[in-house]
Structures are given as C-alpha cells and as structure tokens.
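Biologist: Could you take me through the labels used for this model? I would like to know what lies behind each one.

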Amino acid sequence: MILRGANLTKPIFTVIEGGLSAPKDSSKRYFMGAYATNTRLMGVMGLYIHWRLADQYASPDFHQFFYLDSEEYGLETYKSILGNNVEEISATEQALISGLGGRKEEITEREARYILCEYTRFNERHRLPLPDGLDEYRFLIETPTILNPNEQKSLRMKLCDPIVSDYQAINYFLMRCFGRDYEAASWLCGTSFPLDLYDEKKPATLCKNTIDEEPDVPGGYLCESLIEYDDQYMLLISEVTVSNLQIMSFEKCSGFAVSPAEAAMMLSKPEFVTVYEMLMSPEEFSETMGQLILHSTMTPHDHGSLYLAFNNNNNHVNKRVFRLSEDVFGLYYITDFGQLIVSSYSLSGIHSLEKDLRKSVLAPYLIATAKYEFKEPVLYEFIQSDFEDFNDFLSFIRNE
C-alpha cells in the first residue's frame, strides 16, 4: 500500500525540462500571482509562483513550482518552466501538486516568500541540502521575510483545511504530533500542554486511527493509533479531549510494537479489480493515460507503470476510523505485456473507474477480460512479483 506522506514509497516526478535558461536577475521579474495548497495539516504542501519577465526575454512568463514537506524533507523539490507550454505546465503541476488532495489558495508575493524562508530554515536546522536550481529561486530566500502575528494567522487560514468536526481535529492533531510537527499541532489546540508524548525521535506516519467517545468524560475520546517509522509499527492508545473543535488535552495511555504482519491485518480492506487487454502498445497507452487522469502520480516499476488517482479533497481525515490510504481513489497498472489492471477499495469506486474508461478515448483499445473482488489487496503483490500475466499470478497464489 502506498501512503501519502509516508516513507514507504515516494512518487518519482518526471518532468520534461524546457530548452531555455531562466534569468538569474530578480530585478527583471514582475510578480503575476501565486497559490499554495491548503494541505499544511497533512504535512505536505505545493507552492506555485508566476512571474512576468522584462521585455528583452523571448519567453516572458516564468513559472516556479515547489514541493514542501513539514516532517523530514523541508524544501524538497523545485521545478521551473520558462514560457507557456501548457502541456509542460500541466504535467509539472500534476506531478508535484495534484496528488495532495487540497484546494489551491491564492497567496501574495510576501506570503510566498515567507513560506519559502520558513522551509529554508527547516533545511538548515536539519542539515538538508536545498533542491537543484538554487540560482533561480535564491532571490526569494536571501532576504528573510517576516510576518506579524496577524499576517501569520491569515496565512494559516489559507494553508489549513477548515476544521468541521471533532474527528477531523483529532486525526489532524495526532498526525502532526506523530510527525513531530509540533508547530502545526499547536494550531489545533485551545490551550497549552505537552505535545511530545510520542517517544521515538524520528517522525512517524499515522497509518490508521480509530476514535471512540468516552461517555464519562465531557468531550473525551479514546484513540487507537497505528503508526509506522523505519518500517516498524506501533499501536498507541491515547486520550484526547476536544472543546469547540479545539484540542484541550492529550495523554498517552499505552503503546506497544506490532509486527508487519499484524499491521497488515489491521490495515486490510477489500480490493475490487478489473483486468483489461490493451489493443495498443503499453508506451502509447501510458502516454494517453497520463493525460486523462487528474490528481494522479505515476511510479515506474520493473514490469509496468502504476498510476495512483487521488481524491480531490482530504475528507478521509473527517472520519471516526481514519486510514491514510483512503486518499487514493483508484489505481491503474499498465503492464509491459499488454494488460491494464484497474483497482479500487470500494465497489462504487471500481464502477466509477470503469465508467471513466468507457467514456475515454481509450475505450476502443480496451477489452475487459476479468473482474475480481478480494478480501485484501493483491495488486501490489502482483506488481512486486515476476509474473507477466495477472491471471497467471492469481492461479499461482490460489494453488499456494
């Protein structure tokens, strides 16, 4: 399973580089607009800035994209585009931003500079190198940009998903605490109390959280949290109290290690799969597929390419039982041997994916050959196996 924000699998961003060099002189740029995704509470954000260059440049538009991580990697990825190649801009945005599940919030130049300065300091504190292309964005961070408390609050409102329920507040709060992102965790609190009750020194990913009300405690909830760090799993029990959608207290009750097999059982869920034969080459099919799927990332594998289609929101955080993997709407695996395997974790989801394919330009090149319902996911096992045909793989594991 691939978890957004986790260390298990990181999407590989593939962007076609432009053939022009970006100007280094900041005085020749004019700010045209910027946006950031309102996904700060998920621990990752996308930032985009658009500049208009002086008249002497053949391509007057300059686009900058940044991928920002609040737990481990800070200012992690930078991509730039000189000119207005729509396909290139769209591909870059999809690779870096579309999978984050949030809205694009318009921000000012001053706010954009402040964000980049904050993440640059993160890199310095954690001794992390800045991404390639520093000469192109150095002018944004060489002079510190400082916001007053009111300006910071205004920016936070843009960068954070609005809290609408106790469940959402608790899940975001625990996610930030386990990720050792105490600054963002404090934004969710209505009073001051210790946040570093998680003993490990490294950030951990909240894979699953189950919330139950405590009837005898006003606003009290008991949380069972499955977390992962360095391929190790722990189950933590904690008590949280909430008032007016703000966290008022947090107390760790117990915690113990669980094996990967036990964690897999806790994370297990049904998987619905449809298998197609492709009537065009995998290369052509993959190229077209990448243009059709919005809010997705592509990861190459030994025997094919995997597209993850993400939800366009983070509503899965607003549930009593939170699963990090539920930000994924569906999966498309294009094998090098002519099969398309489509997967979803819900019946309505697989029906929606099938419908989208029937309505797409790829429909004439697809023949559905099989449909399956599994009690637990098997597509990733197939991807990691040496089998070329999905049906042969199923026959093997059935005999096993």
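Modeller: Gladly! Let us begin with Arg320, which is partly exposed, with a relative accessible area of 35%. This is a predicted model, where local features need pLDDT of at least 70, side-chain atom pairs count only at pLDDT 80 or more, and totals for chains, interfaces and linings use all residues. Residues are numbered from 1 along each chain as its sequence is written, and side-chain values use heavy atoms, with hydrogens and water left out.

Biologist: Why is Arg320 called partly exposed?

Modeller: Buried means under 20% relative accessible area and exposed over 50%, with partly exposed in between (1.4 Å probe, protein chains only). Arg320 has 35%, so the label is partly exposed.

Biologist: What makes Asp212 and Arg320 a salt bridge?

Modeller: The term asks for a side-chain nitrogen of Lys or Arg within 4 Å of a carboxyl oxygen of Asp or Glu. Here the N to O distance is 2.8 Å, so the pair qualifies. Asp212 lies in strand E6 and Arg320 in the loop between strands E12 and E13, so the pair ties together parts that are 108 residues apart in sequence. Strands are DSSP runs (E, at least two residues) and helices likewise (H or I, at least four), numbered from the N terminus.

Biologist: How do you know that Glu111 is buried?

Modeller: Its relative accessible area is 8%, and the buried label applies under 20%. Glu111 also meets Lys158 in a salt bridge (2.9 Å, N to O). Lys158 lies in helix H4 and Glu111 in helix H2, so parts 47 residues apart in sequence are tied together.
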